[in-house]
Amino acid sequence: MNTAKRLELNEASIAECGNCNRQNTSLSVSWNSKGNVLASSFQNGVKLWPTEAITSNSSHNPNSLREISILQHNAPVDRVRFHPTDPSLLCTTVEDKSVQLWDIRDRSTQRCLSKIQLKSSRGKCAASVEWQKSGTANHLVVTEKDNAVRVYDVRKLNKNATQASKGKGGTAEVKSFQFDNILADTHFSPSGTHLVSAARRINDGMGIIHIYPWQSGDIDADGQTFVGHTGPIYALKFSPDGKHLATGGNDALVGLWDVESMVCTATIARKTKFIRSVAFSHDSKVVACCSEEKGVHLADVTGRDIGSVSLEKKNDSSDRNRSRSLNVGPFGSDEITFHPKAHIIACARGENLGPNVPQVSIARLQYSETQ
């Protein structure tokens, strides 16, 4: 008899960040390692939101936030990624063909610390950028839109933000790989020894996962490939404990993989449109996914349903306990991320914002346990 307790969503209190209009759309969100600052992309910049009040145990959490700072860029910002351990170091992908590093404590100079100039002539920005989370976390992996993957040592980046890292003896680029398949996202493995790329296979359109050692080895001779979805894979994320991998695809499915065996152990099929983003909670117990459809869906790591978060801020107190509601909130999200220390999820609401939709929604989640 299975006596394992199941999580069930009880309530989600919503806080909203920013006004909605075409200039203030947000495609990406990232929490710093302390969890006290949330970064969100917007047109020609990054907004920094103070989140201490939301993460406190106070019963009077705010229902709206105002930014504490804006990091101005010369072009639209596509993705934001905080360093996994340094709470002040932020990486941005920018539509001027660059990847930039910023110290968020230096808000007066409005200049990035250093910059990587993309080598591909395709697209305006990188397809993805992610930090190495193991060890000293000194490396970035950048996926370009010509299906090249490049690993950079950020310690070797030129501190003059007006220049890109050059291909000389002291270059910051330490490894590169070129694929024939069309890449959407690349992450370091939990051990930091391998890269994991989500791709669309060119001969049949299947969504595949490439796993290959990045420091030494060849993607063909030393790598492995796993078929994961019937269409392109757009998102992937490892759980903080390194035991699970979530993939989101064009087939509207989320695949949950056992990392040690690389077997897909469960699928989540609660959306009808392609999965834009997946995320794990800090304790690796909850996986979330989103699409352009309303709300954010939650499940445990076995794929069992926990509930769906409406991103509509409820003004009527009698409606606060309406849980597990599907398709209630207005519009979906482009990217989601969990708080590093609490069951709080931030949602970048994307480009196609309707009336009264904020740039970012933050949901504080409360669960109950059932048999």
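Strands β24 (residues 286-290) and β25 (residues 296-300) pair in the antiparallel sense, over four bridges. In this pair, Val287 stands opposite Ala299 of β25. This is a predicted model.

β24 and β25 belong to an open sheet of four strands. The order is β23-β24-β25-β26, with antiparallel pairing. β23 (277-280) and β26 (305-309) stand at the edges. Each edge strand has a single partner, so one side of each is left without a neighbour in the sheet. On average, neighbouring strands here are turned by 20° against each other, direction ignored.

## Nonpolar cores

The largest nonpolar core has 19 residues. Val296, Leu298, Val309, Ile336, Phe338, Ile345 and Leu365 touch the most other members. β1 gives the largest share, four residues. In soluble globular proteins, nonpolar side chains tend to be buried together.

A second core is separate and has 15 residues, among them Leu89, Cys91, Val129 and Tyr152.

## Strand β16 and its two partners

β16 covers residues 194-200. Five of its seven residues are buried, so the strand is largely enclosed by the rest of the structure. β16 pairs with β15 (residues 182-188) in the antiparallel sense, over six bridges. Asp185 has Ala198 of β16 as its bridge partner. β15 and β16 form a hairpin with five residues between them. Gly192, in that turn, has a positive phi of about 85°.

β16 also pairs with β17 (residues 207-213). This pairing is antiparallel too, over seven bridges. Arg200 stands opposite Gly207 in β17. β16 and β17 form a hairpin with six residues between them. In this turn, Gly205 has a positive phi, of about 80°.

## Ser189 in the β15-β16 loop

Ser189 lies in the loop between β15 and β16.

Ser189 and Pro213 are 24 residues apart in sequence. In space they are 9.4 Å apart, C-alpha to C-alpha.

## Confidence

The chain averages a pLDDT of 86. Of the residues, 87% score at least 70.

Over residues 161-169, pLDDT stays under 50. The model has 16 contacts for residues 161-169 beyond four places in sequence. Over residues 316-329, pLDDT is below 50 as well. Residues 316-329 have 28 contacts in the model beyond near neighbours in sequence.

How values were computed: Residues are numbered from 1 along each chain as its sequence is written. Side-chain values use heavy atoms; hydrogens and water are left out. Two strands pair if DSSP finds at least two bridges between them. Helices (H or I, at least four residues) and strands (E, at least two) are DSSP runs, numbered from the N terminus. Axes are lines fitted to C-alpha atoms, for helices over the stretch in contact, and angles run from 0 to 180 degrees between N-to-C directions. Buried means under 20% relative accessible area, exposed over 50%, partly exposed in between (1.4 Å probe, protein chains only). A nonpolar core is a set of buried Ala, Val, Leu, Ile, Met, Phe, Trp, Tyr and Cys residues joined through side-chain atoms within 4.5 Å. pLDDT is the predictor's confidence in each residue, from 0 to 100. Contact means heavy atoms within 4.5 Å.
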